[in-house]
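Here's a quick tour of some strands and a couple of side chains. Have the model open and click along.

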Amino acid sequence: MRKLVLLVLLSFIISSIGFDSYASRSDVVTPMFTNIDYFTSNIQIDDNNVAYVQTSVIARNVDKIVIEMVLQRFENGTWKTAKSWIHTTFGTEAFSSNSVVVVKEYKYRLLSNVSIYKGNNLIEKTNNCIDS
């Protein structure tokens with residue numbers, strides 16, 4: 001009996017010791033999606049101050065994909081909406097691409113919101129944000 005108590009006590013002490021773990025900077029953390037196989041966005045601003053934005057999504061076991069793209073500019077210390085678009089696709093693949101003239105003096109980013117539906121039920125929602 002004494003050995004059993006000692007074994008339980010020793011197991012408790014070992015299991016309560018904290019272990020530190022460190023990830024190197026080269027480790028990449030990727031989201032674990034349930035129905036989304038691929039999701040990417042891009043923003044480019046050319047020499048003529050035209051911002052080109054695009055978002056691509058591939059999903060499985062879904063009926064509808066809704067992409068909302070929001071072009072934001074950094075103005076007076078906050079991000080403000082410069083332009084937004086909504087694109088709805090019935091199926092498993094969606095692509096949205098748009099362009100707009102921007103003011104050169106500001107910094108821009110693209111916020112892409114994706115909603116995935118099966119029937120009328122929202123089953124997954126995610127977003128990403130890409131700086132220009």
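## Strands and a buried arginine

Start with S56, which sits across from F95 in β5. Before going further: this is a predicted model, where local features need pLDDT of at least 70, side-chain atom pairs count only at pLDDT 80 or more, and totals for chains, interfaces and linings use all residues. Residues are numbered from 1 along each chain as its sequence is written, and side-chain values use heavy atoms, with hydrogens and water left out.

Strands here (E, at least two residues) are DSSP runs, numbered from the N terminus. Two of them count as paired if DSSP finds at least two bridges between them. β2 and β5 pair antiparallel over 9 bridges. They belong to an open sheet of 3 strands in the order β1-β2-β5, with antiparallel pairing. β1 (36-45) and β5 (93-101) are the edge strands, each pairing on one side only. From one strand to the next, the twist averages 5 degrees, taking axes as lines fitted to C-alpha atoms, with angles from 0 to 180 degrees between N-to-C directions.

Of the 10 residues in β2, 7 are buried, meaning under 20% relative accessible area (1.4 Å probe, protein chains only).

| Residue | Opposite residue |
|---|---|
| I36 | A59 in β2 |
| K64 | F90 in β4 |

Now for the hairpins. β1 and β2 have 4 residues between them, and N49 takes a positive phi near 65 degrees. β3 and β4 have 2 residues between them, with N76 in the turn at a positive phi of about 55 degrees. Strands β3 (residues 64-75) and β4 (residues 78-90) run antiparallel, joined by 12 bridges.

In β3 you'll find L71, which counts as buried because its relative accessible area is 0%. Its C-alpha is 8.9 Å from that of I43, 28 residues apart along the chain.

What does R109 touch? Contact means heavy atoms within 4.5 Å. Not counting residues up to four places away in sequence, its contacts include I43, L71, Q72 and D131. R109 lies in strand β6 (residues 107-118). R109 is buried yet has no salt bridge, and the nearest side chain of opposite charge, D131, is 5.3 Å away. A salt bridge needs a side-chain nitrogen of Lys or Arg within 4 Å of a carboxyl oxygen of Asp or Glu; Lys and Arg count as positive, Asp and Glu as negative, with His and the chain ends not counted.

How values were computed. Buried < 20%, exposed > 50% of the residue type's maximum accessible area, 1.4 Å probe, protein only.
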